[in-house]
Amino acid sequence: MSTTTIFWFTLANFLSSGLVWAYVGRCYPNFVPARYWSAAALSAACGPALGLLFPNPAGLLLAAQMTVLGFCLSEVGIRRFYDRPTSWITSAVVIASCLAGFLFFRLVLDNYAMRVVVYSLGQGIPVALTLPLLLSRDHPRSNHGARMAGYFSILLLGAFALRAIAALLHLGGSEPTIVTLDAVQAGFMLAVAFLAMTWNYGLLMMAIDRLRGDAAELALIDDLTGAGNRRRLVQRLDEECALARRTARPFTLLAIDLDGFKAVNDGFGHSAGDDCLRQFTRAAQGQLRPGDTLARCGGDEFCVVLPDTDLHQAGTIARRVLAACPRQFGSGGRKARTLSASIGVAQWSANLTASPERLMAAADHALYRAKHEGKNRVVLYEPAPPLAPDLDDDIEGASLPAPHALVEMTGPDHHHSGF
């Protein structure tokens, strides 16, 4: 079989892949792995190109090194995809060892079979280093494309190993020339080229899944503040309600409204109002724990979902959020400095607030009370004890049970109030 034909086939595959990745990198400049994968494919394309231009031992040696470099760049790109630190030392060691092995088994001990072994190891080591990442199911970046690439990585490693074994066993005849290649080695070269191409398709699927996930995540983010939006809030409430029904673990919801926000907009302009919203978001997030979700529901209204938190624990967190507000509004003039918040707190209950809508209604009820009682305070929604069975008919159809007490926890003067 003609070596030239195989080189042209390999060149076309790697060159097209490199151009595709270059276009992806141009369209999504923040997607750094695309740059490495583009460079990897173009480097690998240089291998057969050099073999065609310089059909001599020196040209083939350089072609092999460019192909090994391509696989090393692919490994670096995969590490960047998973946000892992990249070390060029490993790549440098692989390339230098491959070059030293080629030179030794050409100039010192001329052995074609060992050169095939060295070449297979140079390509296979970077691929093997990617397997723990590609086949991991626990990493947040894992997706179907990654598993596809992982499976083809295994097939690639198998092809490298079989090619090396075939060379050591002298299957297929003597050392090939630049014009002809024995059927066994030609088959392995074609298999490696095909598997490398499909491996690249796996990487492309990884990128598509990642970019699609990033787009879906952006759809849940409020553009102005960087907090979640209402869609994100509803999603988290659905998740927590489902978990609470299964496990009976408590969670709470904070309903927050900024006091005097309209006066900021009217007195200092909407840019000052936007700045206040951003500053409040930073202040609130600074008081929340990992796993808590802050969402902007609209205007100056926010909500916070607090998993694994009972009512009084949530009240403590709400007081911290409220206390952080005055320290955060110092750039909008006198009125902006006195901007505060009113917070209503409600805990999920299997009987009274089992749905997201009823829980939000309870938190809004407490928030209304905080506003009515003078603002700048936290009010807890504490539902009344269950009514006797003979009174159940009297409340049938009620949208939300009346609270036993709405407890004011924070304000300029500390006191308690109730219905």
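## Side-chain contacts in a predicted model

Phenylalanine 102 is buried, with a relative accessible area of 11%; buried means under 20% relative accessible area, exposed means over 50%, and partly exposed lies in between, for a 1.4 Å probe and protein chains only. This is a predicted model, in which local features need pLDDT of at least 70 and side-chain atom pairs count only at pLDDT 80 or more, whereas totals for chains, interfaces and linings use all residues. Residues are numbered from 1 along each chain as its sequence is written, and side-chain values use heavy atoms, with hydrogens and water left out. The points below cover aromatic rings, cysteines, a surface patch and charged pairs.

**Aromatic rings**

- The structure has twelve aromatic pairs, where rings of Phe, Tyr and Trp (its six-membered ring) pair if their centres lie within 6.5 Å; planes under 30 degrees apart count as stacked, over 60 as edge-to-face and the rest as tilted.
- One of these pairs joins phenylalanine 102 to tyrosine 119 edge-to-face, with 6.2 Å from centre to centre and 70 degrees between the planes.
- This pair links distant parts of the chain, since phenylalanine 102 is in helix H4 (residues 88-108) and tyrosine 119 is in helix H5 (residues 112-134), 17 residues apart. Helices (H or I, at least four residues) and strands (E, at least two) are DSSP runs, numbered from the N terminus.
- One aromatic cluster is formed by Trp21, Phe31, Trp37, Phe81 and Tyr82.
- Arginine 210 lies over the face of phenylalanine 81, at 5.3 Å from the ring centre. A charge sits over a ring if NZ of Lys or CZ of Arg is within 6 Å of the ring centre and within 35 degrees of the ring normal.

**Cysteines**

- A disulfide is a covalent bond between the sulfur atoms of two cysteines.
- The structure holds zero disulfides, counted as pairs of cysteine sulfur atoms within 2.5 Å.
- Cysteine 72 has its closest cysteine sulfur in cysteine 98, at 8.8 Å, which is too far for a bond. Cysteine 72 is buried at 2% relative accessibility.
- The sulfur of cysteine 297 is 3.5 Å from the closest cysteine sulfur, that of cysteine 303, and this is also too far for a bond. Cysteine 297 is buried, with a relative accessible area of 17%.

**A nonpolar surface patch**

- Leu99, Leu103, Phe104, Leu107, Val108 and Leu109 form a nonpolar patch on the surface, with about 560 Å² of accessible area together.
- Patches are made of residues with over 30% relative accessible area and no salt bridge; like charges are joined within 9 Å, and nonpolar side chains (Val, Leu, Ile, Met, Phe, Trp, Tyr) within 5 Å. Accessible areas come from the Shrake-Rupley method with a 1.4 Å probe, and for residues only the protein chains shown count as cover.
- Leucine 99 lies in helix H4 and is partly exposed, with a relative accessible area of 34%.

**Salt bridges**

- Side chains of opposite charge can pair when their charged atoms come close.
- The whole structure has twelve salt bridges, each a side-chain nitrogen of Lys or Arg within 4 Å of a carboxyl oxygen of Asp or Glu.
- Aspartate 222 and arginine 296 form a salt bridge (3.4 Å, N to O).
- This bridge links distant parts of the chain: aspartate 222 is in the loop between helix H7 (183-218) and helix H8 (230-247), and arginine 296 is in strand S2 (residues 293-298), 74 residues apart.
- Aspartate 222 is buried at 13% relative accessibility, and arginine 296 is buried at 17%.
- Alanine 227 is also in the loop between H7 and H8 and is buried, with a relative accessible area of 1%. The C-alpha atoms of alanine 227 and arginine 296 are separated by 6.3 Å, although these residues are 69 residues apart along the chain.
- Arginine 236 and glutamate 240 form a salt bridge (3.2 Å, N to O). Both lie in helix H8, four residues apart, about one turn of the helix, and both are buried.
- Glutamate 373 and arginine 369 form a salt bridge (2.9 Å, N to O). Glutamate 373 is partly exposed, with a relative accessible area of 25%, whereas arginine 369 is buried, with 14%.
- Salt bridges that share partners join Arg106, Asp110 and Arg115 into one network.
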